[in-house]
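Thank you all for making time this morning.

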Amino acid sequence: MTHSDDADFPARLSADEAALLQAMPQLQGVGQARRSFMIHSAAGSVGLFAADLLAQEAALAQMPLPHGAAVAPTNAQNVVKVAFQVNGTAQTLELDSRVVLLDALREHLALTGSKKGCDQGQCGACTVLVDGQRVLSCLTLAATLEGREVTTIEGLAQGEQLHPVQAAFIKHDGFQCGYCTPGQICSAIGMLDEAQRGHVSHVTGDVRKTTTRLTDEEIKERMSGNICRCGAYPGMVAAVQDVHSGRQAAQTWGYATQTQIASDRKEDGHATI
Ligand code: FES
Ligand code: FES
């Protein structure tokens, strides 16, 4: 059966559906009748689920927000105020109580270094430090961080001086696309501190002995919550081991010189610059 006869359509709506239509006044504003919208939604298999979401959006958009909640999105609920430090700077945000730290950083503070990979605690791309300990920011409610100190990848370097783990990642070629790298670096910093404090892992031989010495196996295990789709793990382990051991292994690669670049271009048949 089609909805070619528009006039009959309301008669087939249940009371709930009719009420739903009344809750969608914004559609009139874009020049489309509510009844027409329902017909097209049904014909396009969008259905009442989508209509319900739209109705909720409309209702939420009309809710007054608490005073000063300028940074909260228009559909924010249970707005809470949270004051914390981010990379050494005091920040006060008014957020929907459901906002996670990752979204607070990326959407409200424009700190997009922390990456959203899975958004469900599986990949580690969103790892940041809270009071020096590594946490998954996609699983941490921002509202729980009152008075805490958050450090993201943007806050690790001191001016032009990279954090030792950042420098080691470059030295050991510990990344390819770089998407996982902010999380890997924050995780490595947190992990090294854990090891320093005597934390054990699943591959620690004797958990009764306190040792702060990490083998490559220990580093791999302790970093296993951080996934790299490029498979740059060998370089990362070498980088972390470099910082941990203080042995400062030599860099195994170098930037091409202008002479090498010119020579390669010539071999490839390009004009020299
Ligand atoms: S985005 Fe947080 S663990 Fe994947
Ligand atoms: S460097 Fe590409 S995901 Fe790790």
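Let me begin with handedness: a crossing is called left-handed if the near helix is turned anticlockwise from the far one by less than a right angle, and right-handed if clockwise. Please keep in mind that this is a predicted model, in which local features need pLDDT of at least 70 and side-chain atom pairs count only at pLDDT 80 or more, while totals for chains, interfaces and linings use all residues. Residues are numbered from 1 along each chain as its sequence is written, and chains are lettered from A and ligands numbered from 1 in the order in which they are written.

The secondary structure of the protein comes to 10 helices and 5 strands, where helices (H or I, at least four residues) and strands (E, at least two) are DSSP runs numbered from the N terminus. Of its 273 residues, 28% count as buried, that is, with 20 or more other C-beta atoms within 10 Å of their own, as against 12 or fewer for exposed and in between for partly exposed, the C-beta atoms being placed from the backbone.

Now to helix H6, residues 164–171, and its partner H7, residues 181–196, which pack at about 125 degrees with their axes 9 Å apart; axes are lines fitted to C-alpha atoms, for helices over the stretch in contact, and angles run from 0 to 180 degrees between N-to-C directions. That makes H6 oblique to H7, given that angles under 35 degrees count as roughly parallel, over 145 as roughly antiparallel, 65 to 115 as roughly perpendicular and the rest as oblique. H6 passes H7 in a right-handed crossing, and Val165, Gln166 and Phe169 of H6 meet Thr181, Ile185, Ala188 and Ile189 of H7, contact meaning C-beta atoms, placed from the backbone, within 7 Å.

What happens between H6 and H9, residues 233–245? Their axes come within 8 Å and cross at roughly 135 degrees, which makes H6 oblique to H9, and this crossing is right-handed. From H6, Pro164, Val165, Ala168, Phe169 and Lys171 meet Met236, Ala239, Asp242 and Val243 of H9.

Finally, a residue elsewhere: leucine 102 sits in helix H5, residues 101–108, and counts as buried because it has 25 C-beta neighbours inside 10 Å. Leaving aside residues up to four places away in sequence, leucine 102 touches Ser114, Lys116, Cys126, Ser137 and Cys138.

Note on methods: Contact = placed C-beta atoms within 7 Å.
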